[in-house]
Amino acid sequence: MKYVDEYRDGDKARELAARIHNEIDPQRQYRFMEFCGGHTHAIFRFGIHDLMPENLKYVHGPGCPVCVLPAGRIEAAIKLAESEDVILCTYADLMRVPAGKGDSLNRAKARGSDIRMIYSSSDALAVARENPDRQVVFFAIGFETTTPPTAAAIRIARAEGLKNFTVFCNHVLTPPAMLHILSSGEACIDGILGPSHVSTIIGSHAYADCCSLYRMPLVIAGFEPLDVIQSTLMLVRQVNQGRCEVENQYVRAVRETGNQKAQALMAEVFEPRSVFEWRGLGDLPASAVQINAQYALFDAEKRFAMQKMQTADVKGCICPAVLRGISDPDQCKLFATACTPEEPKGACMVSSEGACAAQYSYGRYRSAETRV
Amino acid sequence: MSRLDIKNGLVEMAHGSGGRASAALIDGLFTRHLDNALLRQGDDATLFEVSAGRMVISTDAHVVSPLFFPGGDIGSLSVHGTINDVAMSGAKPLYLSASFILEEGFSLAELEKIVISMAEASRLAGVPVVTGDTKVVESGKGDGVFISTTGIGVLAEGIRVSGDRAEAGDAIIVSGYIGDHGIAILSSRQGLEFDTQIQSDSAALHGLVADMVQAVPDIHCLRDPTRGGLATTLNELCKQSGVGMRIHETDISVRAEVKGACELLGLDPLYIANEGKLACICPKASAAKLISVMQAHPLGREAAVIGEVVADESRLVVMQTTFGGQRVVDWLAGEQLPRIC
C-alpha cells in the first residue's frame with residue numbers, strides 16, 4: 001500500500017539496525033523514552049526490540065490519553081450520566097477504562113445510562129442535533145492532536161446556537177508532562193523519541209526547553225517502524241557526539257512552528273488550567289486546558305456543576321510507575337494474571353497504545369522466552 | 001383473510017398475534033418466496049426422512065447493522081452463516097429453519113427484499129428453509145429484523161473434523177482474502193460511511209468443503225473466521241487442541257482496500273470478520289493436494305498455507321511480520337466492531 005509499505009520495508013529496517021549496531025558504544029547503556037503510546041504500539045507490533053542491540057532499551061512514556069486520565073474524572077462522568085438525563089458521547093477506548101470499585105463507562109451503560117461510542121467530535125454534534133430535547137455531553141480526552149477538533153465542535157455549536165451541547169474537557173498538554181518527567185530524573189533516560197502527531201500541531205520548537213534545560217537529546221519521530229528505527233539512530237548519534245538538540249525525523253509532516261491554524265483555534269476556545277491531575281504523574285501545573293469564559297456556555301463542568309472526585313488506584317497496580325518510565329509492565333504482579341485486556345485493572349492495559357496492553361497483546365512471547 | 005400491502009405496509013403487532021394477519025404475512029411473504037415441498041406441509045413440525053449415520057446441528061442468530069450492506073444483507077447472511085457452521089464439521093447441510101423477530105413499524109417492502117435474498121441464497125446453496133416462526137416486538141424494542149437460523153446436516157463415514165485435532169507439524173490453510181465482510185459493513189455504517197469497492201464475502205462454503213473432504217478425508221480442523229476474525233479463530237483452535245501456531249504475515253492475503261481502511265481506522269485485518277472464508281488444519285503431507293483442490297473451486301482460488309502448528313504450552317499464535325520481527329497474535333479483547341453478523 002502506497003505511503004505505508006515504504007515505511008515498513010524489512011530490508012531497510014535491517015540496514016538501519018545494522019548501522020545502530022555499528023555505531024553504538026558497547027560500554028554504555030542507551031535508555032530512550034518513547035513519549036507516545038503510538039510509538040510503544042509500533043515498537044511491539046513490529047517487533048522493533050528484536051532488531052536492537054542488548055544495551056539499547058526503550059522506556060515507555062505517558063503519551064497515551066486514556067492511560068493518564070485519573071479514575072476520578074471517569075467517575076465524575078459516570079455520576080453525570082447516572083444522575084442527569086444526559087447522552088454521554090465518548091471514544092471507544094474510554095468505555096473500558098477502570099474507574100473506582102471495578103466500575104467503568106461500559107458497566108454504567110449496561111446499568112441503563114445513555115452512553116454512546118463515537119468516532120469524532122462532529123458525531124457528538126450530530127447526536128445533539130438529532131436529540132434537541134436532551135442534553136448531550138461530549139467526554140473529550142487527548143493531547144494536542146484531538147484538542148483542535150473539540151475546539152471546532154464548540155465553535156460550530158455556538159454558531160448553530162445548539163443549546164443542548166456541552167463538552168467535559170479533559171485535554172492535556174505534552175510539554176509540561178515531558179518537563180515533569182525530566183525534572184524528576186527518576187526515569188534515567190538518555191534521549192526522547194518525540195511525538196509524531198502532537199508535533200504536527202505544536203511544532204518542533206515546543207520542545208526547546210526540554211533540550212536546553214535538561215540537556216536531553218530529542219528526535220521527533222514518525223509512527224511507522226522505519227521512522228522509529230531511523231530516529232533511534234539519530235538519538236544514538238546525538239548521545240555519542242554529546243549533542244542535545246531537537247531534531248526532526250518526521251519532516252514529511254512536522255514544521256518548526258506547527259499548525260498555526262489549529263493553534264489559533266485552540267487559543268480561541270481554551271485557556272490553561274492552573275493545575276490538572278494526571279494518573280501516574282500527579283497534579284501538574286498548567287498541564288491541561290479548560291473552556292474559556294467566552295465559550296463557558298459549552299462547559300459541562302459548569303453547566304452541571306460537576307464536582308471533583310478522588311479515587312484510589314487499584315492495589316498492586318503499578319501503572320503510575322509504568323507511566324513515569326520507572327517500571328516495565330511485566331514487573332507488575334497483576335500483569336497477565338489479574339490484569340488482562342479483557343479485565344483491565346489499570347488504565348495502561350486498556351488502550352492499544354497503553355504499554356501494558358501493547359506488551360500483553362504483541363510481546364508476551366518475549367516474557368515467555370525469558371521465563372524459559 | 002386480511003390483505004397484505006407489501007408495497008406500502010408496515011409490520012404491525014397483529015402480524016405476530018397468530019391470527020389472520022399472521023397467516024397473511026406467512027402466506028403472502030415467507031411461504032411465497034421460500035416455497036418448497038417440506039415447508040408446504042404447513043404443520044407445526046416438518047417431517048423428513050433420515051438415513052442411518054451421523055447428523056450435525058448448528059444454530060446462529062443474526063443481528064447485523066445495517067441490514068443491507070455491499071455484497072449482501074441479513075437475509076443471505078442468515079443462510080450462509082448457518083450453512084457454514086454446519087459445513088465446518090465436514091458435513092453436508094440438508095435443511096434450515098428460520099425464526100424472525102420483527103420490530104413493529106418495519107417496512108414490509110424491505111422485509112420482502114430480505115426474504116427474497118434469503119430464498120435466493122437458499123436455492124443457490126440447495127439447502128431449503130423447511131420450517132419457520134415469526135414474532136413481532138413493539139417499536140423501539142428491536143432493530144428492524146433479527147433472524148435466527150438452525151441447520152442440520154449429515155456427516156459421511158470416516159470424517160472427524162474437530163477443533164481439538166490440531167497437532168504439531170500440521171499445516172494451516174486459509175481459503176482467501178481476509179477482512180472483506182467487516183470492512184464492507186463498516187463502510188456502510190451510519191456515521192462512518194466511506195466509499196470503497198469492497199463487497200462482503202458472504203457465501204455458502206459447503207461446496208468447497210465437500211471437495212476438500214473428498215480429496216483429504218483426514219482434515220483435522222475447519223472453522224470459518226467470522227466474529228473476531230482469523231486471529232480469534234486460530235487462538236480458539238490453539239486452546240482447544242493445546243498447541244501453538246507460527247504464522248507468516250507475508251502469506252496472509254489482505255486486499256489493498258481492506259489494508260487501507262484498517263490503517264485509517266486503526267483496525268487490524270486479522271481481527272476483522274469474514275463470512276465466506278475458512279481456516280483449515282491438515283496433516284502437512286496433505287497440504288499441497290488440498291491447496292490444489294481448493295484453488296480449483298471459485299471460493300478457494302486464493303487458498304494458501306499461512307503457517308504451521310507447533311508444540312507450545314503457552315498456546316500462543318506468533319506471527320513473523322513482513323517487517324522481520326515477531327509478535328503475538330492474541331485473542332480479540334472487547335469488541336472491535338459491534339453487530340457485524
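Reader: Into which domains is chain A divided?

Author: This is a predicted model. Chain A is divided into domain 1, made of residues 5–66 + 174–248, and domain 2, residues 319–371. The C-alpha centres of these two domains of chain A lie 20 Å apart.

Reader: How many residues of domain 1 of chain A are in contact with domain 2 of chain A?

Author: Contact here rests on C-beta atoms lying within 7 Å. In chain A, 17 residues of domain 1 are in contact with 16 residues of domain 2. On the domain 1 side, α2(A) gives the most, with six residues. That side divides into nine nonpolar, six polar and two charged residues.

Reader: And between the chains, which elements give two or more residues to the side of chain A that touches chain B?

Author: In general, the size of an interface is often given as the accessible area lost when the parts come together. For this pair I can give residue counts: 25 residues of chain A are in contact with 20 residues of chain B. The elements giving two or more residues on the chain A side are α1 (10–23), α2 (37–45) and α15 (355–371). The largest share, six residues, comes from α15(A). By class, this side of chain A has 13 nonpolar, four polar and eight charged residues.

Reader: In what order do the seven strands of the open sheet in chain B come?

Author: The order is β8-β10-β7-β11-β9-β12-β13 in chain B, with mixed pairing. β8 (221–223) and β13 (326–328) of chain B are the edge strands, each pairing on one side only.

Reader: How many bridges join β8(B) to β10 of chain B?

Author: Three bridges join these strands of chain B, which run antiparallel. The bridge partner of C221(B) in β10(B) is I281(B).

Definitions and conventions
Residues numbered from 1 in each chain as written. Chains lettered and ligands numbered in written order. Predicted model: local features only at pLDDT ≥ 70, side-chain atom pairs only at ≥ 80, totals over all residues. Contact = placed C-beta atoms within 7 Å. Helix = DSSP H or I, 4+ residues; strand = E, 2+ residues; numbered from the N terminus. Nonpolar A, V, L, I, M, F, W, Y, C, P; charged D, E, K, R; others polar. Pairing = 2+ DSSP bridges. Domains from an automatic or database assignment.
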